[in-house]
Amino acid sequence: MLNEDKLLVMGYDALVQINEKKVLEVAREWMDNKYDPGKLLNKLTEAMMEIGKKFDEKEYFLAQFILSSNIMENVTKMVLEEIAGTGLVLEHKGTIIMGTVKNDIHDLGKKIAASMLRVEGFTVIDLGKDVPADIIVKTAVEHDADIIIASSMTTLSMTGLREIRELLETVEQRNKAKLIVSGAPVTQEYADLVGADAYAKTAADAVMVTKRLMMK
């Protein structure tokens with residue numbers, strides 16, 4: 001039986017190498033040994049950050065980035081299902097609504113952020129991509145959400161972020177739900193302009209910002 005440290009290294013290396021079979025094998029052995037699932041998912045999150053760095057530096061192509069994201073999502077799902085099957089309950093840290101705004105079909109970064117947030121103990125409701133602002137706000141109200149994370153990857157769809165903010169002002173949920181905006185063309189200045197509570201540049205930023213807002 002391999003110890004925790006060796007399995008963590010194997011899982012990290014396998015994901016960075018985009019070896020789905022090996023990542024799943026490591027995850028299965030980890031769960032069979034009843035090790036802390038949070039440790040494994042946190043290590044795989046570190047691997048995703050490394051992959052993102054390689055993608056930014058043009059060392060990895062889009063296809064590799066997409067595949068690694070899908071692997072991370074599948075492993076997270078498997079681990080969470082295993083936890084549910086044992087009857088163990090992760091600490092609930094808050095409810096988050098995520099979505100890519102209307103007229104935008106990009107959601108890779110969002111999917112990675114969703115996996116990372118679930119590892120941290122947040123309940124994440126991912127509405128997917130091309131989501132109208134009113135649906136995002138309506139879902140936040142229905143689930144008494146703590147945080148809304150909305151992304152826009154094109155300048156043409158950025159107005160959807162402002163629309164979410166304006167719709168939030170019309171519902172009581174604005175007193176509770178904080179809005180985090182993200183996306184390639186989005187900046188801190190734009191976040192301030194639309195009245196968002198925070199800006200996240202990367203998936204890792206989204207986790208850190210969410211934790212900070214939840215402490216307020």
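Trainee: Let me begin with burial: are Trp-30 and Tyr-35 buried or exposed?

Mentor: Trp-30 and Tyr-35 are both buried. Keep in mind that this is a predicted model.

Trainee: How many aromatic pairs does a search of the whole structure find?

Mentor: The search finds 2 aromatic pairs. Trp-30 and Tyr-35 form an aromatic pair with 4.9 Å from centre to centre and 70° between the planes.

Trainee: What makes the pair of Trp-30 and Tyr-35 edge-to-face?

Mentor: Two tests apply. Ring centres have to lie within 6.5 Å, and Trp-30 and Tyr-35 have theirs at 4.9 Å.

Trainee: Why is the pair of Phe-55 and Phe-65 called stacked?

Mentor: Their centres are 4.9 Å apart and their planes meet at 20°. Since the cut-off for stacking is under 30 degrees, the pair of Phe-55 and Phe-65 is stacked. This pair links distant parts of the chain, with Phe-55 in helix α3 (residues 37–56) and Phe-65 in helix α4 (residues 62–86), 10 residues apart.

Trainee: What makes Phe-55 partly exposed, and why does Phe-65 count as buried?

Mentor: Buried means under 20% relative accessible area, and exposed means over 50%. Phe-55 has 26%, which lies in between, so Phe-55 is partly exposed. Phe-65 has 11%, under the 20% limit, and is therefore buried.

Trainee: How do you know that the charged end of Lys-54 sits over the ring of Tyr-60?

Mentor: One part of the test is distance: NZ of Lys has to be within 6 Å of the ring centre. The charged end of Lys-54 is 5.7 Å from the centre of the Tyr-60 ring. Lys-43 likewise lies over the face of Tyr-12, at 5.2 Å from the ring centre. The test also asks for a position within 35 degrees of the ring normal.

Trainee: Which residues lie nearest the centre of the largest pocket?

Mentor: Phe-65 is one of them, together with Gly-109, Lys-201, Thr-202 and Ala-203, in a lining of 32 residues. The pocket has a volume of about 920 Å³. The elements giving two or more residues to its lining are α3, α4, α5 (108–119), β3 (147–151) and α9 (203–214). Helix α5 supplies the largest share, 7 residues.

Trainee: Staying with helix α5, why is Ser-115 called buried?

Mentor: Ser-115 is found in that helix. Its relative accessibility is 2%, under the 20% limit, so Ser-115 counts as buried. Beyond its neighbours within four places in sequence, Ser-115 is in contact with Met-72, Glu-73 and Thr-76.

Trainee: And what makes Thr-76 buried?

Mentor: The value for Thr-76 is 2% relative accessibility, again under 20%, so the label is buried. Thr-76 belongs to helix α4 and touches Leu-41 and Ser-115, not counting residues up to four places away in sequence.

Trainee: Which residues touch the most other members of the largest nonpolar core?

Mentor: In this core of 48 residues they are Leu-15, Leu-44, Val-75, Met-98, Leu-117, Ile-149 and Ile-180. A second, separate core has 24 residues, including Met-158 and Leu-161. In soluble globular proteins, nonpolar side chains tend to be buried together.

Trainee: How do you know that Met-158 is buried?

Mentor: Its relative accessible area is 10%, under 20%, so Met-158 is buried. Met-158 lies in the loop between β3 and α7 (159–168). Met-158 and Met-98 are 60 residues apart in sequence and 15 Å apart in space, C-alpha to C-alpha.

Trainee: Last topic: what is the phi of Asn-103?

Mentor: Phi of Asn-103 is near 70°, a positive value in a residue other than glycine. Most residues other than glycine have a negative phi. Asp-130 also has a positive phi, about 55°, although it is not a glycine.

Notes: Residues are numbered from 1 along each chain as its sequence is written. This is a predicted model: local features need pLDDT of at least 70, side-chain atom pairs count only at pLDDT 80 or more; totals for chains, interfaces and linings use all residues. Side-chain values use heavy atoms; hydrogens and water are left out. A nonpolar core is a set of buried Ala, Val, Leu, Ile, Met, Phe, Trp, Tyr and Cys residues joined through side-chain atoms within 4.5 Å. Buried means under 20% relative accessible area, exposed over 50%, partly exposed in between (1.4 Å probe, protein chains only). Rings of Phe, Tyr and Trp (its six-membered ring) pair if their centres lie within 6.5 Å; planes under 30 degrees apart count as stacked, over 60 as edge-to-face and the rest as tilted. Helices (H or I, at least four residues) and strands (E, at least two) are DSSP runs, numbered from the N terminus. On a 1 Å grid over the protein atoms alone, a cavity is a set of points where a 1.4 Å probe fits but cannot get out, and a pocket is an open set with protein on both sides within 12 Å along at least five of seven lines; lining residues have an atom within 4 Å of a point. Grid points are joined across faces, edges and corners, and a volume is the space filled by probe spheres set on the points. Contact means heavy atoms within 4.5 Å.
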